[in-house]
Amino acid sequence: MTTAVATAITTEARAIVYRTRGSQHGPITRLMSPGDLGEFLKPFVFLDLFGFDTSGGRKGFGMHPHSGIATLTWLIDGDTLYEDTTGEQGVLPAGGVEWMRAGNGVWHDGAPAPGTKRVQGFQLWVALPASEENAPAQSIYLSPSQVPREGPARVLLGRHGAAQSPIPAPAPINYLAVQLKDGEHWRYTPPAGHTVGWIAVDAGRLDAGGGEPVAAGELAVFEESGAAIGFVAQGDTSFVLGSAAKHPHELVMGHYSVHTSKAALEQGEAEIRRIGARLREEGRLR
């Protein structure tokens with residue numbers, strides 16, 4: 001009886017098919033890029049885990065452009081100043097979310113707020129469908145109280161259970177930030193059609209079914225299927241999880257941009273240059 005149950009659970013587990021610790025760039029760990037894992041996990045095409053102490057003189061990311069994608073920054077620790085060329089500026093507190101649909105082109109900046117000693121979080125890039133990749137830029141900033149929760153999961157994008165993010169998702173996609181206590185079990189059942197699935201751990205260790213636990217600083221990719229994924233925390237653990245329907249378009253890349261065609265990329269990069277020239281005239285770019 002015990003053997004049969006164990007076999008059924010093992011068979012049901014959704015296999016991890018790839019794991020990576022990415023590449024280190026100072027205080028940033030690049031876990032996914034459009035030229036590597038992004039091609040297999042699209043619409044998720046880029047993921048950075050960043051963490052730095054402001055005492056080291058780190059001033060922020062500097063004003064920089066994007067087009068053709070949306071960026072979502074989940075701020076785990078530290079308050080940050082934000083500014084973008086849609087006209088928004090302010091302070092994003094720890095636990096908040098920045099959504100920047102770059103569309104046809106945008107520039108934005110982020111830096112630690114005065115008095116902030118440490119900043120940590122994830123920045124994700126999402127490939128946009130052709131209908132939105134050259135649309136006007138849109139920015140949304142959510143305070144911690146505006147990020148809905150279902151059980152241990154904060155819904156950063158999409159819908160999970162009864163909780164739905166106020167951010168308009170560009171495609172069938174979920175992006176969750178999950179916190180589990182030591183030994184806590186949690187099961188994620190993706191919506192119909194969400195065959196892409198992955199996790200990235202920022203603290204603790206996570207048993208995700210078979211093999212070595214997924215540790216802090218690691219990204220794990222699940223086989224493409226609609227099956228549920230079960231998790232058990234080893235120590236207090238926090239991680240992000242992405243699931244989605246596969247992005248059906250080619251990834252055509254610029255330096256800060258990802259589009260579905262060369263013509264769309266050229267249009268986005270032309271708008272980036274136009275905005276950049278204006279910023280230089282205003283003295284906001286060196």
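**Figure 1. Surroundings of L47 in the predicted model.** In this predicted model, L47 touches T29, R30, L31 and M32, together with F122, Q123, L124, Y175, W198, A200 and L219, when residues up to four places away in sequence are left aside. L47 belongs to the largest nonpolar core, which comprises 32 residues. The members that touch the most others in this core are F44, L47, L72, F122, Y175, W198 and L219. In soluble globular proteins, nonpolar side chains tend to be buried together.

**Figure 2. The seven-stranded open sheet.** The strands follow the order β2-β3-β4-β11-β6-β9-β12, and their pairing is antiparallel. At the edges lie β2 (23-25) and β12 (138-142), each of which pairs on one side only. From one strand to the next, the twist averages 15 degrees. Within the sheet, β4 (residues 44-53) and β11 (residues 118-127) run antiparallel and are joined by nine bridges.

**Figure 3. The four-stranded open sheet.** This sheet is built in the order β5-β10-β7-β8 with antiparallel pairing. Strands β5 (64-66) and β8 (89-92) form the edges, each pairing on one side only. Neighbouring strands are turned against each other by 30 degrees on average, direction ignored. Five bridges connect the antiparallel strands β7 (residues 80-84) and β10 (residues 106-112). Here E83 stands opposite D109 in β10.

Figure 4. The 20 residues of α3 reach 29 Å from the first C-alpha to the last, close to the 28 Å expected at 1.5 Å a residue.

Figure 5. The buried residues of α3 are A264, L265, G268, E271, I272, I275, G276 and L279. Because these residues cover an arc of only 140 degrees around the axis, they lie on the same side of α3. Their packing partners are β5, β10, β23 (252-253) and β24 (258-259). On the face turned away from the buried side, α3 carries the exposed residues K262, A263, R273 and E281. Just after the helix, G283 adopts a positive phi of about 80 degrees.

How values were computed:
Residues are numbered from 1 along each chain as its sequence is written. This is a predicted model: local features need pLDDT of at least 70, side-chain atom pairs count only at pLDDT 80 or more; totals for chains, interfaces and linings use all residues. Side-chain values use heavy atoms; hydrogens and water are left out. A nonpolar core is a set of buried Ala, Val, Leu, Ile, Met, Phe, Trp, Tyr and Cys residues joined through side-chain atoms within 4.5 Å. Buried means under 20% relative accessible area, exposed over 50%, partly exposed in between (1.4 Å probe, protein chains only). Contact means heavy atoms within 4.5 Å. Two strands pair if DSSP finds at least two bridges between them. Helices (H or I, at least four residues) and strands (E, at least two) are DSSP runs, numbered from the N terminus. Axes are lines fitted to C-alpha atoms, for helices over the stretch in contact, and angles run from 0 to 180 degrees between N-to-C directions. The expected span of a helix is 1.5 Å times one less than its number of residues. The arc is that of the directions from the helix axis to the C-beta atoms.
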